[in-house]
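Good morning, colleagues. Please have the view open.

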Amino acid sequence: MSESLNPTPETPGDVDTDADARRAASFERQRRLRQEPRFPGGPAADPAGSHHERRIRSFQPRRSRVTAGQEDALQRLWPTWGLDIDGRSVLDLPALFGGLPVVLEIGFGMGEATAQMAADDPTTGILAVDVHTPGQGNLLGLAERAGLSNVRVANGDAIILLREMLEPASLDGLRVYFPDPWPKKRHHKRRLIQPEFLDLVAQRLKPGAVIHCATDWEPYAEQMLEVLTAHPRFENTRADGGYAPRPAFRPLTRFEGQGLDKGHVVHDVLFRRL
């Protein structure tokens, strides 16, 4: 009798092994893609490396479509005005900004408000941090067209920047405008404005420096006010201990205007570092 032409049936163990191998290969491909820069000479895909830490992230990276103009700005201007947050060296802010006082802005979206604030106050340097590639390119392009020399764009995790790459008492202010509210209760631990974050910020701000937060999410505004009021290193700039009116230096953004048209209430919180 001739041998059967049918292959020997796979055992469950063989199937599991093959599936594990495919998953491992897929994971490795995705890991390599995350580490490869999308634009040669531009921001790194994972500047600090996924191995750097495994804490709960307060942000969600977004890989939206990059326009031709944004791509051009990233490739041309990043080597001069951009920096990756790799956690490997301490920044020399006086050298980076020509001796200007420096304000850190965490999360700048598409950068319109950042560029306007930089143009309105050329005597202050703005270190603007985000992970949104189109926004990074857009802000670089805006800064170039306006002839701004007081903006630097940082790519990566602001926590690593604060903890590993900034000297104590090196910042003259911090701005956090419309951070992700993480509205679901189980996600509240991801909100940026937490006591542990303020402990770190207090170390990097100079005495008298102001932390300025703004949000249109009422529960998050309440949390911001509560945790800042409770922190021993900060005091409210408002004598009544409440929210502040929008300062003239914070532009009304398109996003904010759309929210106001829908009936959203925006709260500003300004606290001074003691």
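Which residue in E4 does Val-129 stand opposite? Val-129 stands opposite Ala-154. This is a predicted model, in which local features need pLDDT of at least 70 and side-chain atom pairs count only at pLDDT 80 or more, while totals for chains, interfaces and linings use all residues. Residues are numbered from 1 along each chain as its sequence is written, and side-chain values use heavy atoms, with hydrogens and water left out.

Strands (E, at least two residues) and helices (H or I, at least four) are DSSP runs, numbered from the N terminus. Two strands pair if DSSP finds at least two bridges between them. Strand E3, residues 125-130, and strand E4, residues 151-155, are joined by five bridges in the parallel sense.

Turning to the whole sheet, eight strands form an open arrangement in the order E1-E4-E3-E2-E5-E6-E8-E7, and the pairing is mixed. At the edges are E1 (82-84) and E7 (234-236), each pairing on one side only.

Finally, Arg-191 lies in the loop between strand E5 (171-177) and helix H7 (195-204). Arg-191 is buried, that is, under 20% relative accessible area with a 1.4 Å probe, protein chains only. Yet Arg-191 has no salt bridge, defined as a side-chain nitrogen of Lys or Arg within 4 Å of a carboxyl oxygen of Asp or Glu. The nearest side chain of opposite charge, Asp-180, is 7.5 Å away.

Technical notes:
Buried means under 20% relative accessible area, exposed over 50%, partly exposed in between (1.4 Å probe, protein chains only). Lys and Arg count as positive and Asp and Glu as negative; His and the chain ends are not counted.
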